[in-house]
Amino acid sequence: MTTGLTHDGHPTASKRSEILPLTGLRAVAAIAVVVHHTRLPTSAPPWLQEIAICGFIGVPLFFMLSGFVLAYNYPTLHLRDRRAVLRFWVARVARVMPLYWTVLIISVLTRETRGIPQDPSLPRQFLAIQTWSGNLNIGAAVYNGPGWSICVEMFLYALFPFLVLLVAHIARHHGIRGLLALCALAFAIQVTLWAIFSLKGWADLPATDPSSAHRWLYRNPLTRIPEFTVGMCLAFAVNRGLRFPPWLAQLVQVALVIGIPVGCALRDPHNGPLGAAFFGTMWTIPFALLIVSLASNRGFFARILATPLMVTLGTASFALYLTHRSRIFGFGKNTVDTAPGHWGYVAVILVVVWALFLAEGAHRYIEVPGRRLILSAYDRLVPRAEPAQNVATPSATGSP
């Protein structure tokens with residue numbers, strides 16, 4: 001039996017073992033996004049530039065991990081228990097919004113000090129509903145760019161109590177085979193959407209076009225439901241005993257650690273349909289295999305991700321993701337672009353280290369205290385009638 005804190009910060013005990021490699025995986029995904037925004041020196045070869053640019057695939061991985069996390073922590077959440085559902089939603093707000101609002105306020109104050117008028121979309125930004133807009137400037141550019149994914153997360157959090165009923169029903173009546181069938185259905189929906197956008201020519205439209213694949217297949221909350229559902233199904237399957245044998249876990253991890261960068265290096269940035277597939281569809285199966293292999297706690301890569309350093313970085317990965325962008329376009333990107341010769345690569349490393357340092361501070365002094373403050377206030381207003389359900393410790397999982 002493991003002891004620790006629940007996903008919401010309350011003491012608990014769980015018979016399920018911790019899944020530390022998945023926490024470490026969150027660090028890899030967040031760092032990939034940082035590198036995506038930093039890029040590499042202009043002298044870097046094109047194939048290496050493409051690997052850096054493709055760091056945005058860490059975002060769909062986050063959404064899939066989010067589905068896994070919630071289903072792993074709340075497999076018995078039921079709509080009939082209104083008190084539990086309400087506290088679940090409050091806990092989700094407490095999990096992500098304090099830091100989100102803090103970064104937004106800093107962005108607002110920065111505009112004020114520079115004499116830049118506030119954008120009319122500020123109320124949408126505050127409510128985290130900006131990415132429903134077809135305007136790229138509103139959805140993912142004004143204020144803190146990475147905040148668009150919080151809009152997606154909040155939408156998925158709202159749906160979770162409904163989706164978990166479906167997934168739990170399938171798990172009870174059809175077992176792992178039924179869960180894998182639901183995964184296949186979700187993937188088929190992704191493929192269908194990708195095919196429609198490719199055949200209609202919408203995959204070739206620029207990101208600024210409201211009809212583009214970037215707007216619909218990457219930023220729109222609706223099209224993230226399939227991979228979120230896949231993550232949920234994988235959590236139920238793991239809880240029901242789905243594990244890879246050591247040799248298969250090792251093979252999957254080695255194949256993906258090599259194959260993902262190679263696939264990114266070979267990406268043709270001028271191929272619209274391929275670019276649209278990179279927004280999520282192309283990675284659903286590889287990421288699902290990776291999550292299951294790491295959940296098996298087997299393999300060399302799993303051991304690396306489970307080290308204390310990677311777990312610590314993974315715990316602060318949400319803060320890294322949400323806070324890094326402003327630093328990238330201050331100290332970071334300009335430094336990389338202007339650094340002579342190989343010093344540009346050193347600058348990339350310094351940017352990542354600096355972003356990690358800031359993220360750890362934001363996690364400790366804003367994210368965690370903010371979450372505890374909101375939950376404590378809620379629990380004082382709405383006392384719980386019975387102890388919270390047993391859930392896994394945050395080191396086993398966590399929100400993106």
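Modeller: The questions below take up the overall fold, the cysteines, the salt bridges, the core and the surface.
This is a predicted model, in which local features need pLDDT of at least 70 and side-chain atom pairs count only at pLDDT 80 or more, while totals for chains, interfaces and linings use all residues. Residues are numbered from 1 along each chain as its sequence is written, and side-chain values use heavy atoms, with hydrogens and water left out.

Colleague: What makes up the secondary structure of the protein?

Modeller: The protein has 16 helices and two strands. Helices (H or I, at least four residues) and strands (E, at least two) are DSSP runs, numbered from the N terminus.

Colleague: Is C54 called buried or exposed, and why?

Modeller: Buried means under 20% relative accessible area, exposed over 50%, and partly exposed in between (1.4 Å probe, protein chains only). C54 has 2% relative accessibility and therefore counts as buried. C264, at 3%, is buried as well.

Colleague: What makes E50 and R267 a salt bridge?

Modeller: A salt bridge is a side-chain nitrogen of Lys or Arg within 4 Å of a carboxyl oxygen of Asp or Glu. The closest N and O atoms of E50 and R267 are 2.9 Å apart, so the pair qualifies. E50 lies in helix α2 (residues 46-53) and R267 in the loop between α10 (246-265) and α11 (272-278), so the pair ties together parts that are 217 residues apart in sequence. Both E50 and R267 are buried.

Colleague: How many salt bridges does the structure hold?

Modeller: The structure holds five. Among them is R95 with E367, at 2.4 Å from N to O. R95 is in helix α4 (residues 82-113) and E367 in helix α16 (residues 343-381), 272 residues apart. Another pair is E227 and R224, at 2.5 Å; E227 has a relative accessible area of 1% and is buried, and R224 is likewise buried at 1%.

Colleague: Which residues touch the most other members of the largest nonpolar core?

Modeller: They are F68 and F160, in a core of 101 residues. A nonpolar core is a set of buried Ala, Val, Leu, Ile, Met, Phe, Trp, Tyr and Cys residues joined through side-chain atoms within 4.5 Å. Helix α7 (residues 148-200) gives the most to this core, with 18 residues. Leaving aside neighbours within four places in sequence, F160 is in contact (heavy atoms within 4.5 Å) with L70, A71, Y74, L77, F88, F228 and M232.

Colleague: How do you know that A27 is buried?

Modeller: A27 has 1% relative accessibility, so A27 counts as buried. A27 is in helix α1 (residues 20-38), and the C-alpha atoms of A27 and A316 are 7.7 Å apart, although 289 residues separate them in sequence.
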